[in-house]
Number of protein chains: 2
Amino acid sequence: MTTRIQRRNRERILEAALDVFSVNGFRGSTLDQIAAVAGLSKPNILYYFDSKDAMHRALLDQLLGIWLAPLRAIRATGDPHDEILGYMRRKLQMSRDYPRESRLFANEVLQGAPRLADAIAGDLKALVDDRAEIIRGWIEAGRLARIDPHHLIFSIWALTQHYADFDAQIRLIRGDTDPMDGAEAFLDLLFDRLLKP
Amino acid sequence: MTTRIQRRNRERILEAALDVFSVNGFRGSTLDQIAAVAGLSKPNILYYFDSKDAMHRALLDQLLGIWLAPLRAIRATGDPHDEILGYMRRKLQMSRDYPRESRLFANEVLQGAPRLADAIAGDLKALVDDRAEIIRGWIEAGRLARIDPHHLIFSIWALTQHYADFDAQIRLIRGDTDPMDGAEAFLDLLFDRLLKP
DNA sequence: GTCTATAATGCGATAGAC
DNA sequence: GTCTATCGCATTATAGAC
């Protein structure tokens, strides 16, 4: 049986772990850092999670659901142009709302996806292949430009996640301007032009 | 005075350090790993570099020159469409030729660019702002679509570096296909459509 | 220049009191 | 449930022989 306090502490620990892991990666993060951010002692956070690895796995597990939802929402029955622009906008919104999750994911893939290989080669690949087939169907029907569906999906990932993952660089170059200011208008124009048959 | 052997060993160490740092990040990498890849003993690599940090700084220093060259090559006197597509193609070629450097850079920026902040806010920002002005001039002259020059440059970075930085993910999704197969044709089409006035 | 041995510290995890 | 204390191992860096 789990009490309110237990749930609250588990959440505080995962919140702190996300802060730390998303910046420093798994090996670069320490339990001392996570405990300090969570406002708990190091042995105490190990009372709630068996190990540093268990914290990281818990974060990756809950990440996958969040991460796949926008792509899942693409429907073959919708208008091709609207469906794909809608997907791009949802992904861009995720870079706004979940930048730490985006960086956690980026850290993981940069290192060769050691802990995500199964999920990527399984659920994600299946979902991507399925949506790529929908896009291929739209192209065959003459409703979209003749572009490679996989590269189209990769381009949406690259362009939207860049604003979360390379936030530090964009801030240093653009100064006080909000890094994502103007991004949606730019990407709307880009994909509008790209998709037209 | 530096001998041939010294130069060769320094190069072997930097080569090994790039292998290791680009995958594991700075804190996630160990001197044992680097020494093993270099085929030298741990004290021996510390004979050539004062510290782990010195190896990392040496890599970042030589990285910056490589990294800025393609953007520097943009000329106000050229044809706008050709200049920008040429830049994109050079950047894509760098993801092919220097994927480890791309990941080293990505690791650094993901962590908030602690060791690159000065270079980004200095040389890189100055170069980007200058080339953005050139692009703005082309737009005012009606030779390009009315798009934000900074976002255009960011989009080139995002789309090209994605193939190096997220290589593991793309491989898992595309299977045996070369991750960059079809990328140039796709990006040629994308930027051709985006840039037209 | 390169090695073995080791010092010095950092870190994940556990023991045990309360 | 939470803490202090500590174990045991990994890691950076140095000492000193050759």
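In this predicted model, helix H5 (residues 80–97) of chain A and helix H8 (residues 149–165) of chain A have axes that come within 8 Å and cross at roughly 25°. Because angles under 35 degrees count as roughly parallel, H5(A) and H8(A) are described as roughly parallel to each other. The crossing of the pair H5(A) and H8(A) is right-handed. On the H5(A) side, the residues in contact are A:Ile84, A:Tyr87, A:Met88, A:Lys91, A:Leu92 and A:Ser95, and they meet A:Leu152, A:Ile156, A:Trp157, A:Thr160, A:Gln161, A:Tyr163 and A:Ala164 of H8(A). Sorted by class, this contact of H5(A) with H8(A) comprises nine nonpolar, three polar and one charged residues.

**Surface near DNA strand D**

DNA strand D is surrounded by 17 residues, of which A:Gln6, A:Ser41, A:Tyr48, B:Leu31 and B:Lys42 are the closest. Of the atoms of DNA strand D that come within 4 Å of the protein, 65% belong to sugar and phosphate. Helices H1 (4–28) and H3 (42–48) of chain A, along with helix H3 (42–48) of chain B, each supply at least two residues of this surface, and H3(A) gives the most, with four residues. By class, the surface near DNA strand D holds six nonpolar, eight polar and three charged residues.

**Surface near DNA strand C**

Around DNA strand C there are 17 residues, and those that come nearest are A:Leu31, A:Lys52, B:Gln6, B:Ser41 and B:Tyr48. Sugar and phosphate make up 65% of the atoms of DNA strand C that lie within 4 Å of the protein. At least two residues of this surface come from each of H3 of chain A, helix H1 (4–28) of chain B and H3 of chain B, with the largest share, four residues, coming from H3(B). The residues of the surface near DNA strand C divide into six nonpolar, eight polar and three charged.

| Protein atom | DNA atom | Distance |
|---|---|---|
| A:Gln6, polar side-chain atom | DNA strand D, phosphate oxygen | 2.3 Å |
| A:Tyr48, polar side-chain atom | DNA strand D, phosphate oxygen | 2.6 Å |
| A:Asn44, side-chain N or O atom | DNA strand D, sugar or linking oxygen | 3.1 Å |
| A:Leu31, polar backbone atom | DNA strand C, phosphate oxygen | 2.9 Å |
| A:Lys52, backbone N or O atom | DNA strand C, phosphate oxygen | 2.9 Å |
| B:Asn9, side-chain N or O atom | DNA strand C, phosphate oxygen | 3.3 Å |

For DNA strand C, A:Leu31 and A:Lys52, which are among the nearest residues, approach a phosphate oxygen through backbone atoms, at 2.9 Å for A:Leu31 and 2.9 Å for A:Lys52.

Conventions. Residues numbered from 1 in each chain as written. Chains lettered and ligands numbered in written order. Predicted model: local features only at pLDDT ≥ 70, side-chain atom pairs only at ≥ 80, totals over all residues. Heavy atoms only, no water. Axes fitted to C-alpha atoms, helices over the stretch in contact; angles between N-to-C directions. Parallel < 35°, antiparallel > 145°, perpendicular 65-115°, else oblique. Left-handed = near helix turned anticlockwise from the far one by under 90°. Contact = heavy atoms within 4.5 Å. Nonpolar A, V, L, I, M, F, W, Y, C, P; charged D, E, K, R; others polar. Near = heavy atom within 4 Å. Polar contact = N/O pair within 3.5 Å; in protein donor to acceptor, adjacent residues only side chain to side chain.
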